[in-house]
Amino acid sequence: MSLIEKLNWRYATKKFDTAKKLSPEQLDTLLTAIQLAPSSFGLQSYKVLVVEDPAIRAQLRDAAYGQSQLTDASQVIIFASETVIDSALVNKYVDRIAEVRHMERVHLGAYEDTMVGTVNRLAEDQKMTWSNKQAYIALGVLLTAAADLGIDACPMEGFQAGKFDEILGLKALGLTTTVIAPVGFRAEDDTYSHLAKVRRPKSELFIHI
Ligand SMILES: Cc1cc2nc3c(=O)[nH]c(=O)nc-3n(C[C@H](O)[C@H](O)[C@H](O)COP(=O)(O)O)c2cc1C
């Protein structure tokens, strides 16, 4: 299948086959794709939880209006934004650049100053919005990678973030839930899998200038 055929094949899976699980290799490939997602400055101001524990997932389902994907998918991937975005986060990232690229930290000073300046200019709510946007890019990469591998997923924001944070103990980790995506394999009788894609026509969606 071409990439476009795969993007037509994928859909927001409503009903997962509870008997089908991702292999460790498939899961690892999805996580690698998430790891490789681009982000503003490359800061990746979020963490990604992989939830398998059935008892936790039952609680998460209650906090997601009973949506069955939470308990029935193979894993639930949770994108959680960092709640503290400050110069310490930037410093740590610059340490990492210096290490990976074998650079002396002094050569990264100007880049570090730009990033710290940008981060410090943002009000707290702007930081959260900015951070959430980065997490959504990672979600998009996950969905595309899953389609490429023939793995089903459902992007979801129909849940109570505060309850998710409580159930997962995220406050203590300096995180808050942004968006989630259960992954696994569609149930044969998921009627949604047969529905035609509804998208804006290209004439309405695109503006060529
Ligand atoms: C950010 C986001 C949040 C969504 N939240 C939910 C959700 O809570 N439950 C659900 O069943 N589908 C959810 N969807 C799926 C959309 O309804 C679906 O992607 C859209 O209707 C297009 O259909 P398709 O993805 O099947 O092609 C969400 C999609 C996105 C991108």
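## Nonpolar cores

A nonpolar core is here a set of buried Ala, Val, Leu, Ile, Met, Phe, Trp, Tyr and Cys residues joined through side-chain atoms within 4.5 Å, where buried means under 20% relative accessible area, exposed over 50% and partly exposed in between, computed with a 1.4 Å probe on protein chains only. The structure is a predicted model, in which local features need pLDDT of at least 70 and side-chain atom pairs count only at pLDDT 80 or more, whereas totals for chains, interfaces and linings use all residues. Residues are numbered from 1 along each chain as its sequence is written, and side-chain values use heavy atoms, with hydrogens and water left out.

The largest nonpolar core holds 22 residues, of which Leu22, Leu30, Ile77, Phe79, Leu142, Ile151 and Val183 touch the most other members. Two or more residues of this core come from each of α2, β2 (75-82), α7 (124-149) and β4 (175-184), these elements being DSSP runs numbered from the N terminus (helices H or I, at least four residues; strands E, at least two). The element that gives the most to this core is α7, with 7 residues. Leaving aside neighbours within four places in sequence, Leu142 is in contact (heavy atoms within 4.5 Å) with Leu30, Ile34, Ile77, Phe79, Ala181 and Val183. Another core, of 19 residues, lies apart from it and includes Ala73, Met156, Phe164 and Ile180. In soluble globular proteins, nonpolar side chains tend to be buried together.

## The loop between α2 and β1

Ser39 is placed in the loop between α2 (24-35) and β1 (46-51), and it counts as buried because its relative accessibility is 17%. A polar atom of the Ser39 side chain lies 3.1 Å from the backbone nitrogen of Gln44. Apart from its neighbours within four places in sequence, Ser39 is in contact with Gln44 and Gln134.

Phe41 also has its place in the loop between α2 and β1, and with 24% relative accessibility it counts as partly exposed. Gln44 is found in that loop as well and is partly exposed, with a relative accessible area of 32%. Most residues other than glycine have a negative phi.

## Gln35 in helix α2

Gln35 lies in helix α2 and is exposed, since its relative accessible area is 55%. Between the C-alpha atoms of Gln35 and Leu60, which are 25 residues apart along the chain, the separation is 24 Å.

Conventions: Polar contact = N/O pair within 3.5 Å; in protein donor to acceptor, adjacent residues only side chain to side chain.
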